[in-house]
Amino acid sequence: MNNQQINCECDIALQSLLSIDEALELLINSAKVTNSTQLLELDDALNKILAADVLADIFVPGFDNSAMDGYAINLKKEQINALGGGTFKITDRITAGSTGNALAPSFAARIFTGAPIPKGANTVVMQEECELVENGSKIEIYRSILLNENIRPMGNDIQSGDVILPKGRLLQPQDIALSASVGIGKLEVFNRIKVGIFFTGDELIELGNTLKQGQIFNSNRYFLVALLNKLDCKVINLGNIEDTFSATYKSLEKLKSSCDLIITTGGVSVGEEDHVKPAVEKLGKLDLWRIKIKPGKPFAFGKIDDCIFIGLPGNPVSAMVTFLLFARPFIKKMQGASNYLNTTFKVAANFDWHRSKPRCEFVRVRLDRATTPMQVNQYPKQGSDILSSMVWADGLVEIPEKTTFKQGEILNFYPLNEMML
Ligand code: AMP
Ligand code: MG
């Protein structure tokens, strides 16, 4: 397909085709990070994005401590690495949470995991290697003993002043635990962005109604709400709207001042039943992008005052794929995430690709994890209306434009479970 054909096809004068990378770059460059933040208790901070670096102001551990249940020993110089170990009198007992007394040379203290190493002690031998003798008053060790065995030194995990969590991190349970380990109980996180959504198409009906001839259930509403919830966005859902200019205009007007972003599905072509373009243009500005991607019809991107507008295609697979490839990184960047781009890994196609296509194609595939490299098989139907292909698939493989290949070709794989996070 060349540009001239496209101009005839969709009547977008002088509109050139964007590659996926170009479209993503344009989109990402226009994403402004929200400046609204709040301080949250650790228990409420899961899945939020950190709005400031977290710095430790203590050492962890804060003191040298024992890594084992065993015996702390003050080894004299001549006892270090001496053949046959030695015998040591026990003079103290130190449990975790208590502090022991200073240990004199050649003496031992019973010690437990996490208990502070007493002054004078320079090694810990685990209890399995110590034999209690003389009514339990002494230990005997039958191997040579080195300095600093089983001692976890102060600051082994974290040094005071370390950045333990960087701004832009999506907080996971381990991050919250790390913050707790340095005594920080509240974290500054970015506030949720507000996303207004509505759905165009007079054929759409809501669940609970009976389908009449020509009608379909609105499935896009459910994937969009689910994905936006997963992304921790605040969703304002106007539901199905009438396929008219005035209903589209009114819905946009209702959402524009209260939302950071508006997302719609359907109606972004340039047919006379497609009212999104003129309505957005009346209120603000709209670019219809022809992206060299399949599935995915024109992708609409615009702005109404300070509110960004993204118009996804109506076909369920196209809507979902373009959301995952373009809208998701955009939203993540707006939310302040530093890792906003999708990540891929390499897989081998378990199929031939005979027909060279003018657009990059995202094929729904399943992974065969038993092979090295992992192979992927494609769902037999790849139409943009085949929603079951998304349920069957583990991910999408990217097949570059104008390519043919034989089985074994190495391709980029986009895991759906990661993109759905
Ligand atoms: P459109 O982009 O409006 O031309 O719609 C393209 C195709 O997607 C049509 O077959 C629509 O019926 C279908 N479609 C549009 N919106 C939805 C939706 N919310 N849920 C499921 N299918 C839809
Ligand atoms: Mg429509």
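Which residue in E19 does Leu-18 stand opposite? I looked, and Leu-18 faces Ile-291 there.

Ground rules for my notes: this is a predicted model, where local features need pLDDT of at least 70, side-chain atom pairs count only at pLDDT 80 or more, and totals for chains, interfaces and linings use all residues. Residues are numbered from 1 along each chain as its sequence is written, chains are lettered from A and ligands numbered from 1 in written order, and side-chain values use heavy atoms, without hydrogens and water.

**The sheet.** I traced an open sheet of seven strands in the order E1-E19-E21-E22-E18-E14-E17, with mixed pairing; strands (at least two residues) and helices (H or I, at least four) are DSSP runs numbered from the N terminus, and pairing takes at least two DSSP bridges. Its edge strands are E1 (17-18) and E17 (234-241). E1 pairs with E19 (residues 285-291) in the parallel sense over two bridges.

**The helix pair.** Next I checked H2 (residues 20-29) against H7 (residues 316-334): their axes come within 9 Å and cross at roughly 30 degrees. Axes are lines fitted to C-alpha atoms, for helices over the stretch in contact, with angles from 0 to 180 degrees between N-to-C directions. That makes H2 roughly parallel to H7 (angles under 35 degrees). I found Ile-20, Ala-23, Leu-24, Leu-27 and Ile-28 of H2 in contact with Leu-325, Phe-326, Ala-327, Pro-329, Phe-330 and Lys-333 of H7 (heavy atoms within 4.5 Å).

**Domains.** Last, I noted 68 Å between the centres of domain 1 and domain 3, taken over C-alpha atoms; the bounds come from an automatic or database domain assignment.

How values were computed. Angles under 35 degrees count as roughly parallel, over 145 as roughly antiparallel, 65 to 115 as roughly perpendicular and the rest as oblique.
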